[in-house]
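Reader: Can you walk me through this one? Keep it quick, please.
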Amino acid sequence: MYAQMVKSEATQDDPEKLAAFQARIDAGEKIEPKEWMPEGYRKTLIRQIGQHAHSEIVGQLPEGNWITRAPSLERKAILLAKVQDEAGHGLYLYCAAETLGVSRDELTEALLAGKMKYSSIFNYPTLTWADIGAVGWLVDGAAIMNQVPLQRTSFGPYSRAMIRICKEESFHQRQGFDIMRKMATGTKAQRHMAQDALNRFWYPSLMMFGPSDADSVHSAQSIRWKIKMNTNDELRQKFVDQTVPQAEYLGLTVPDPDLRWNADKGGYDFSEPDWDEFFEVLKGNGPCNTERLAARQKAWDDGAWVRDGLMAHAAKQHSAPVAAE
Amino acid sequence: MGAVVDLDAALFEGLCRLGDSTLVLGHRVSEWCGQAPVLEEDIALANVALDLIGQTQMWLGLAGEVEGRERTSDTLAYHRDVWDFRNLLLVERPNGDFGHTLMRQFLFDAWHQPMLAGLAQSRDTRVAEIAVKAGKEVAYHLERSADLVIRLGDGSGESHARMQAALDTLWPYTGEMMVPDATDAALAEAGIMPDLNGLRTTWDALVQDVLAEATLTIPESGFMHKGGKQGQHSEHLGHMLATMQFLPRAYPDATW
């Protein structure tokens, strides 16, 4: 769930074209880049796919914080494989966005200028090795909840990117759970780290789905266009129902005194996260917003000479045969 | 030279030299996570680091087996101090800018590939098997690093200047790779590892070709630092180990 609070764009297209477009979506057809689409559909998708791509890229940073301190060669290798996948996911998604007429550089500049967002979750710090477990288990677990249904999204390139991404995300979640299992059954210090990681990541993970959108007009439009497949509340409930038994299996306590099974609805009742905190994080006031964006800005600035150098070389290659004639 | 060398001890030493070099370089490259100049390079750097850590598991795993003191690849990686590390000085150099990281990679890859080709002919089949597997990965490392050195060396004015600065800084750390000591000589004589003197011709030719195409100039001074593979390191390695070994050292009873 790396796209939060994606506002859908109002659309002012020809009603007949809109109806025909909606009929195609209702019939389960995929919309391809060169086909007609409402401007609102295009803009909403750019925002959503872009935000997802940025989340993959910024999401490397909290894990990179522990790659150099991974406690065994095997754990280091697995974490490297995971961040490599994430950069790859970013690449597929930027490519999907490019088919809608926006370049990767434009999207990057919008991120750095604060005009585009990435998931709120990556503004929380990874303080111990157990946090790397929690990120895989909870954060990737929450992301999968959203991404699995998005494999059926109406926009062809986005759907195909999601199919590839989902294959790898389930491996990410398993490795996270495996770290947690090892920690939760380890020494006293390790068990403490595992519980502490769950305490800190539980509510921020619930926030990943965004606030309730049951009455949101924008969400309803996105759902009709099959850009959004479920409401935020549906996905959050599903996540809680899946995760609580896993926490019990690990012998860890979910930090919610009001958590209990509700037989009538066939799911857990649980406490809402602190939405004031969520909106502060979106505004830039989370624990790591400044560092995350500064790290991306530095990579962009420090890398400028490399990108320019590669372009200069390509230009020379391009002009060389002409000069030789 | 000429001293009597116990062959198993020499093999342990030789395997640590290989495994420590891939470990230290893999670690350095992994420090780039999320900071590369372009997304494709984030992917490539993670991929190279991952290959090198995988090779470390194989080399140090075999080293522990040869030593016969029940040390695993993890024990060797996480529970030795600086003086026991046998990596080349080149690979412990700090990352610097992307140009330094890339030049360090190229100078190492240009040695690593022919070294693995030689090791693939080893009389010790365990060594040969690892070398064959690693050789496939390293062929790609060299292809990438040589290509980028050429493109950035012969790129813009700034990229050329940065690549030349990286070459000037790192060049004095390359000599050690091809100067054999008693251990290297004993392993070469036993047909277990290639003769390092023989690698020099291949390395020189490859490096000269690529650097010429990159319009970069090899420094005139022939001075070379040495000592890494005998355990005499720069100040940088200790800091890397302090980071890398933190968890297993702080929580010695834990398994991960």
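**Confidence, then contacts**

Author: Chain B has a mean pLDDT of 96, and 98% of its residues reach 70 or more. Keep in mind that this is a predicted model.

Reader: What are the ipTM and pTM scores of the model?

Author: The ipTM is 0.96 and the pTM is 0.95.

Reader: How many salt bridges are there over all chains?

Author: The search finds 34. One of them joins B:R17 and B:D184, with the closest N and O atoms 3.0 Å apart.

Reader: Where do B:R17 and B:D184 lie?

Author: B:R17 is in helix α1 of chain B and B:D184 is in helix α8 of chain B, so the pair ties together parts 167 residues apart in sequence.

Reader: Is B:R17 buried or exposed? And B:D184, buried or exposed?

Author: B:R17 is buried, at 9% relative accessibility. B:D184 is buried too, at 11%. Shared partners link B:E13, B:R17, B:R86, B:D181, B:D184 and B:K229 into one network of salt bridges.

Reader: Switching to chain A. What does A:R236 pair with?

Author: A:R236 forms a salt bridge with A:D233, at 2.9 Å between the closest N and O atoms. They sit 3 residues apart in helix α10 of chain A, so about one helical turn separates them. A:R236 is buried at 1%, whereas A:D233 is partly exposed at 27%.

Reader: Back to chain B. At what angle do helices α6 and α7 pack?

Author: About 125°, with their axes 7 Å apart. The two helices of chain B are therefore oblique to each other.

Reader: Which residues meet there?

Author: B:V149, B:L152 and B:G153 in α6(B) meet B:S159, B:H160 and B:M163 in α7(B). That contact has 3 nonpolar, 3 polar and no charged residues.

How values were computed. Residues are numbered from 1 along each chain as its sequence is written. Chains are lettered from A and ligands numbered from 1 in the order in which they are written. This is a predicted model: local features need pLDDT of at least 70, side-chain atom pairs count only at pLDDT 80 or more; totals for chains, interfaces and linings use all residues. Side-chain values use heavy atoms; hydrogens and water are left out. Axes are lines fitted to C-alpha atoms, for helices over the stretch in contact, and angles run from 0 to 180 degrees between N-to-C directions. Helices (H or I, at least four residues) and strands (E, at least two) are DSSP runs, numbered from the N terminus. Angles under 35 degrees count as roughly parallel, over 145 as roughly antiparallel, 65 to 115 as roughly perpendicular and the rest as oblique. Contact means heavy atoms within 4.5 Å. Ala, Val, Leu, Ile, Met, Phe, Trp, Tyr, Cys and Pro count as nonpolar, Asp, Glu, Lys and Arg as charged, and the others, Gly among them, as polar. pLDDT is the predictor's confidence in each residue, from 0 to 100. A salt bridge is a side-chain nitrogen of Lys or Arg within 4 Å of a carboxyl oxygen of Asp or Glu. Buried means under 20% relative accessible area, exposed over 50%, partly exposed in between (1.4 Å probe, protein chains only).
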